[in-house]
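This report goes through one chain, from its overall make-up to individual residues. Please keep the sequence and the coordinates open while reading.

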Amino acid sequence: MRKPKIFNNPERFVEGWYWVMPSHNLQIGEVKAVTLLGRNLVVYRGQNKRVVICDAYCPHMGAHLAEGQVEGNEIRCFFHHWKFDDQGICTDIPCLAKPIPVKLKAWPTAEKYKMIWIWTGENPQQPIPFVPELEFQECESLLGSRIITNCHPNVVMINPIDTQHFYPVHQLQLDAVFEETELHQNAITFTNYDRGNKNPLFLKFQHLFKRNIIYQICYWYGSTFTLTVGTDFLHFHIMLALHLLEGGKCETQLIFLTKKRQGMIGWILNRLVLCLTSLFVHYFVKDDAKVLQTIRFDFKTPIKADQSIMQLINHVERQKPLMWGTWQLARSRDVESHENRNKWRDDLTND
Ligand code: FES
Ligand SMILES: [Fe+2]
């Protein structure tokens with residue numbers, strides 16, 4: 001296997017949709033500073049309720065726009081009061097009769113599953129991640145906990161198709177055989193059609209389930225995946241929205257999903273299914289945490305049983321890599337300003 005260029009690279013990520021923050025954390029008229037994938041951004045919500053995400057620093061002199069104010073659907077910089085609209089176009093410079101054509105970088109933004117999302121390229125090429133089975137359904141969602149893991153998002157992602165760990169870590173005797181389908185350049189599914197479950201409890205009720213046990217994983221942008229687990233009666237859907245943190249760590253937002261059932265009974269059922277999904281996920285996450293917090297991923301010896309993992313790595317490698325790179329910049333700036341500060345102190349002392 002050639003050494004991957006994107007997979008498990010602590011300074012690269014795939015162009016795509018990434019979660020930013022829960023929608024309820026941003027009220028109308030509020031502006032917040034966010035660092036995402038090593039880039040400093042501001043997120044605000046205008047009077048029209050729409051969320052706008054743009055680069056954090058004012059194109060005039062670099063003031064941080066989170067110090068500014070939302071005015072209508074625009075943002076005004078605190079420093080010299082220049083104003084920018086939701087496309088980042090400058091609409092007002094108080095000391096000029098007409099603004100000059102200066103632009104702040106604004107990013108494609110959306111809200112789904114009670115979360116704010118950003119597209120990290122120019123124009124969105126593909127949709128916000130979804131569960132394939134729920135593509136055309138109205139969904140109910142519940143936000144779960146947020147987990148920081150001491151390894152790269154790509155390493156967290158391989159967990160549900162890493163069949164060799166099912167028994168040692170989760171005591172699940174499931175001989176999964178995955179069928180891989182690439183939906184498009186940025187999404188791939190792995191579906192298990194094999195019913196090789198040797199769990200005695202499962203075998204007892206096997207006749208009830210016929211051939212309709214489902215276990216399907218769908219990966220998006222090498223960063224977010226959905227999991228569908230269930231039988232004829234009930235399917236649980238979980239989204240694990242991941243993004244890379246500084247130092248190659250991973251932040252995961254759990255999102256539980258279910259198709260929207262109508263009416264009062266439907267509402268109660270939706271809540272019940274979402275709570276059951278949350279219990280189910282926490283049970284497995286707890287087991288995996290031990291490994292994911294201490295692993296130093298180095299896939300030196302792949303074997304046939306690791307085939308799905310290799311297919312996933314190849315899929316990630318074929319996508320468009322980005323490097324926002326401010327991690328490096330921030331580090332070198334820190335060092336630089338620290339050195340400068342020391343130099344001034346030394347100069348002053350000598351004087
Ligand atoms: S730095 Fe923002 S208006 Fe001058
Ligand atoms: Fe696991």
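## A helix and its expected span

The expected span of a helix is 1.5 Å times one less than its number of residues. In this predicted model, helix 5 covers residues 263-294, and its 32 residues should therefore span 46 Å, a value with which the separation of its end C-alpha atoms, also 46 Å, agrees.

## Overall composition

The chain contains seven helices and 20 strands, and of its 351 residues 28% are buried. Among contacts with a separation of 6 or more, 58% are between residues 24 or more positions apart.

## The largest nonpolar core

In soluble globular proteins, nonpolar side chains tend to be buried together. Here the largest nonpolar core comprises 66 residues, and the members with the most contacts inside it are Tyr-18, Val-20, Trp-117, Tyr-219 and Phe-225. The element that gives the most to this core is strand 18 (residues 235-245), with eight residues. Because domain 1 (14-119) and domain 2 (132-320) both supply residues to this core, it lies between them.

Which residues does Tyr-18 contact, leaving aside its neighbours within four places in sequence? The contacts of Tyr-18 are with Leu-36, Leu-37, Trp-117, Ile-118, Thr-120, Ser-223 and His-243.

## Strand 4 and its two partners

Strand 4 (residues 39-45) is largely enclosed by the rest of the structure, since six of its seven residues are buried. On one side of the pairing pattern, strand 3 (residues 31-36) runs antiparallel to strand 4 and is joined to it by six bridges, with Val-34 standing opposite Leu-41. These two strands form a hairpin with two residues between them, and Leu-37 in that turn has a positive phi of about 55°.

Strand 4 is also joined to strand 5 (residues 51-55), again in an antiparallel arrangement, through five bridges, and the bridge partner of Tyr-44 in strand 5 is Val-52. The hairpin of strand 4 and strand 5 has five residues between the strands, and Lys-49 in the turn has a positive phi of about 75°.

## Two pairs brought together across the sequence

Arg-146 belongs to strand 13 (residues 139-149) and counts as exposed, having 12 C-beta neighbours inside 10 Å. The C-alpha atoms of Arg-146 and Gln-253 are separated by 4.6 Å, although these residues are 107 residues apart along the chain. Neighbours within four places in sequence aside, Arg-146 is in contact with Glu-251, Thr-252 and Gln-253.

Gln-319 sits in the loop between helix 6 (307-317) and strand 20 (321-322), and with 18 other C-beta atoms within 10 Å it is partly exposed. Its C-alpha atom is separated by 6.7 Å from that of Asn-186, a residue 133 residues apart from Gln-319 along the chain. Leaving aside neighbours within four places in sequence, the contacts of Gln-319 are Ile-6, Val-14, Gln-185, Asn-186, Tyr-221 and Gly-222.

Methods: Residues are numbered from 1 along each chain as its sequence is written. Chains are lettered from A and ligands numbered from 1 in the order in which they are written. This is a predicted model: local features need pLDDT of at least 70, side-chain atom pairs count only at pLDDT 80 or more; totals for chains, interfaces and linings use all residues. Helices (H or I, at least four residues) and strands (E, at least two) are DSSP runs, numbered from the N terminus. A residue is buried if 20 or more other C-beta atoms lie within 10 Å of its own, exposed if 12 or fewer, and partly exposed in between; C-beta atoms are placed from the backbone. Two residues are in contact if their C-beta atoms, placed from the backbone, lie within 7 Å. A nonpolar core is a set of buried Ala, Val, Leu, Ile, Met, Phe, Trp, Tyr and Cys residues joined through C-beta atoms within 7 Å. Domain bounds come from an automatic or database domain assignment. Two strands pair if DSSP finds at least two bridges between them.
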